Amino acid sequence: MALVIEQVTKRYHDFKAVNQLSFTIEKGEIFGLIGQNGAGKTTTFRMILDLQDTTEGNISWNGQPMNRVNRDVLGYLPEERGIFPTMTVEEQLYFFGVLRGWTRTDLKQEVDYWITRFELDDKRKAKAETLSKGNQQKVQLIASFIHQPEFLILDEPFSGLDPVNRQLLMDAILYLKEKGTTILFSSHQMDNVEELCDHLCILKKGESLFTGSLVDLKEQYGKIKLSIRTDLDKSQLFALPGVGNVKETKDGFTLLLEDESYGEQLFDTLGKGKYMEKFSMDYLSLDEIFKDLVGGEHV
Amino acid sequence: MSKFWILVTQLYKQKIKAKSFIFGTLLYVAIISGIIFWSDIKAALFSEEPLKIAMINNTKQDFKEVFQSDNDLKFSFSNDDSAKIEKQVKDEKLDAAVFLNEKDGKLNAEIATYTPLEFNDQTKLSSMIQYAGKIYSVQQLNLSAEQAAQIIESETPINMKNLNTEKESGKSEDEKAAGIGASILVGSIVYSIVISFLSIITTDVASEKGSRVLEVLLASVKPSTHFLAKITGTYLLAFTQVILIFGVQIILLLIVNGGEKWGKVADIVDHLSISYVLYTLAYLLLSIFLFLIMGALFGSLVSKVEEAGQTMMPAMFVGMAGFYVLLSGLSNPDTLLVKVFSFIPFTTVMVMPLRIGATDLLPAEPLIALIVLIVTVIVLFYISFSFYKRSVLTYSSGGVIQKIKTVLKVTT
């Protein structure tokens with residue numbers, strides 16, 4: 001285990017920001033920490049980074065308590081973006097690299113590589129304050145891993161990025177994973193989490209609702225999402241056995257079943273042995289599971 | 001290079017190239033040079049013609065020795081009649097005409113002008129007339145020239161003899177005057193430096209906190225390292241500015257007019273005691289440190305840079321209070337107000353040098369003020385040091401007290 005979080009609680013007077021949180025991250029894994037605003041994600045990150053003390057519990061990296069870990073092995077992108085406004089893009093990256101123990105000579109190759117990869121070549125000498133929000137975000141993101149950290153924490157890395165830049169970032173995260181970086185990140189965009197994460201933890205008001213692999217989470221719910229195209233109307237569909245919820249879509253209906261086992265019965269009832277244009281049973285998306293778990297909202 | 005020095009270097013390089021620092025330093029140099037070299041600047045830029053003043057002496061006394069022309073006033077004694085002289089004044093061929101008459105055994109003068117004289121010129125002319133009046137009165141007593149000169153130029157020398165052996169040996173009037181002069185200069189410079197660097201460090205920490213770059217930095221360095229780096233970097237910057245300001249002045253004093261003014265400065269410095277110089281230097285170095293500690297702490301309390309001004313207000317008011325007490329003490333440095341403020345660590349640097357230079361105080365007093373200042377710096381450093389770790393990542397609204405309460409609430 002690279003990162004181990006054991007029974008961690010953070011209390012402010014009577015308020016528990018994080019309560020008895022436990023999870024582990026393997027080396028080279030991408031782990032997602034998801035939850036609503038105020039769920040305790042940033043507090044958890046800060047405790048991992050030893051920026052805040054835990055009230056109870058332990059956090060360790062490669063068996064060492066966080067306060068003894070060499071900070072140069074860590075990388076961090078905070079939720080609210082921050083860079084030196086009057087420093088140029090290039091100088092900013094060199095500064096953070098040097099601060100993490102690199103020499104300017106060694107950094108040159110890294111800086112050039114990432115500036116080109118993130119399409120910032122023409123902004124090298126531009127002051128950060130003159131960049132667009134998206135470009136500032138890219139600069140800060142590069143700054144967080146320019147020193148090739150062993151463990152990288154990304155707090156909402158995708159917020160505010162357009163689809164093209166989001167894809168650039170996704171590819172970069174996968175590239176870092178290939179190079180062996182362990183990554184912990186939070187996001188409100190569940191499709192990104194779904195695409196990137198091996199394991200995840202869902203937080204609600206500081207408590208873990210689920211910790212484990214994405215596959216396990218989906219299997220826990222089963223294939224209960226049924227997409228169909230039919231002549232029946234919404235009320236008729238509601239009346240069918242095992243149907244918990246019906247939602248009309250542009251392309252027919254999406255039914256949420258009480259259990260996967262109702263699928264076969266519904267296939268018979270709706271098809272009556274004839275050809276059906278669309279009948280598809282599938283797992284819930286992470287977005288749907290999240291809404292169900294955190295918001296108590298069904299599809 | 002350690003992380004501490006990387007942060008110090010980054011801050012120093014960034015701030016020393018900042019327009020605000022460059023223009024601020026140039027402004028200080030320009031203002032101080034302007035004050036020191038005002039007479040030379042005035043002579044170079046405004047080569048004014050001396051005022052033409054006609055003297056119409058209707059007495060039997062000869063006043064040519066009294067009314068001697070110089071760069072400001074050019075006197076000409078005339079026998080023309082009053083109407084003709086007044087016409088010349090009206091036509092502005094003359095700036096003024098002074099009619100000297102005798103009335104009841106005393107000299108009586110009337111100054112006729114078309115454009116009123118400037119205050120300085122009028123004061124100078126009046127004092128010459130007063131002097132002439134004294135000579136006239138003395139002459140009426142039929143004394144010899146020596147006797148008359150003895151009366152007019154008599155001055156009583158006053159020597160101070162203090163019988164209290166615990167007090168420092170009394171300072172001469174020259175030493176006290178030098179003490180007051182040096183204290184005005186030191187006080188003004190210290191006030192400006194302390195306030196501007198308090199502002200620099202508060203704004204810098206606040207801007208890093210507000211832009212969240214501080215969170216990235218603190219993931220790499222400990223808050224204590226960051227705190228010390230901010231204070232050290234800003235201290236070095238302040239030190240650079242002091243050296244630049246004084247360095248330029250020393251060079252100017254040495255080269256302008258063949259170092260004529262340097263002699264006058266050396267005179268003032270000669271009249272200052274070693275203890276004055278050492279204490280003032282110690283107060284200065286410690287006070288900059290004291291205000292920087294406060295500035296870093298205030299900067300860590302705010303959530304965004306816009307709030308920095310409001311948060312550092314209390315410290316600025318304290319500095320301003322010290323400066324005003326210094327000004328109030330220039331005419332009378334022995335008041336209770338001056339004594340009290342000379343021991344308050346936040347105002348010692350502005351007020352105590354005035355007392356050391358211009359009053360006869362107990363030798364222990366500057367030392368006590370120094371010890372109080374050192375203790376305050378140490379205590380405040382440790383309080384700020386521990387508080388900074390908790391406040392840099394806490395975001396809250398409200399005034400300073402409210403912010404402190406929030407930090408204490410969420411971190412204890």
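This is a predicted model: local features need pLDDT of at least 70, side-chain atom pairs count only at pLDDT 80 or more; totals for chains, interfaces and linings use all residues.
**A stop at A:L256.** I picked this leucine and found it in strand β13 (residues 252-257) of chain A. Is A:L256 buried or exposed? Its relative accessible area is 9%, so I note A:L256 as buried, the cut-off being under 20%. I also checked A:L256 against A:M281, which is 25 residues away along the chain. Their C-alpha atoms lie 9.9 Å apart.

**Chain A meets chain B.** On to the contact, where I found 22 residues from chain A and 23 residues from chain B. Together the two chains bury about 2,200 Å², and carbon and sulfur atoms account for 61% of that.

One I looked up by name pairs A:D72 with B:K3, with 2.4 Å between the closest N and O atoms. For polar contacts across the interface of chain A and chain B, my tally is six residue pairs, both partners at pLDDT 80 or more.

**The chain A side.** I then asked which element of chain A gives the most to the side touching chain B. The entry reads helix α2 (residues 89-99) of chain A, with four residues. Sorted by class, that side of chain A holds twelve nonpolar, four polar and six charged residues.

Terms used. Residues are numbered from 1 along each chain as its sequence is written. Chains are lettered from A and ligands numbered from 1 in the order in which they are written. Side-chain values use heavy atoms; hydrogens and water are left out. Contact means heavy atoms within 4.5 Å. Buried area is the accessible area (1.4 Å probe) that two parts lose on being put together, summed over both. A salt bridge is a side-chain nitrogen of Lys or Arg within 4 Å of a carboxyl oxygen of Asp or Glu. A polar contact is a pair of N or O atoms within 3.5 Å; within protein, one must be able to donate a hydrogen and the other to accept it, and residues adjacent in sequence count only if both atoms are side-chain atoms. Helices (H or I, at least four residues) and strands (E, at least two) are DSSP runs, numbered from the N terminus. Ala, Val, Leu, Ile, Met, Phe, Trp, Tyr, Cys and Pro count as nonpolar, Asp, Glu, Lys and Arg as charged, and the others, Gly among them, as polar. Buried means under 20% relative accessible area, exposed over 50%, partly exposed in between (1.4 Å probe, protein chains only).
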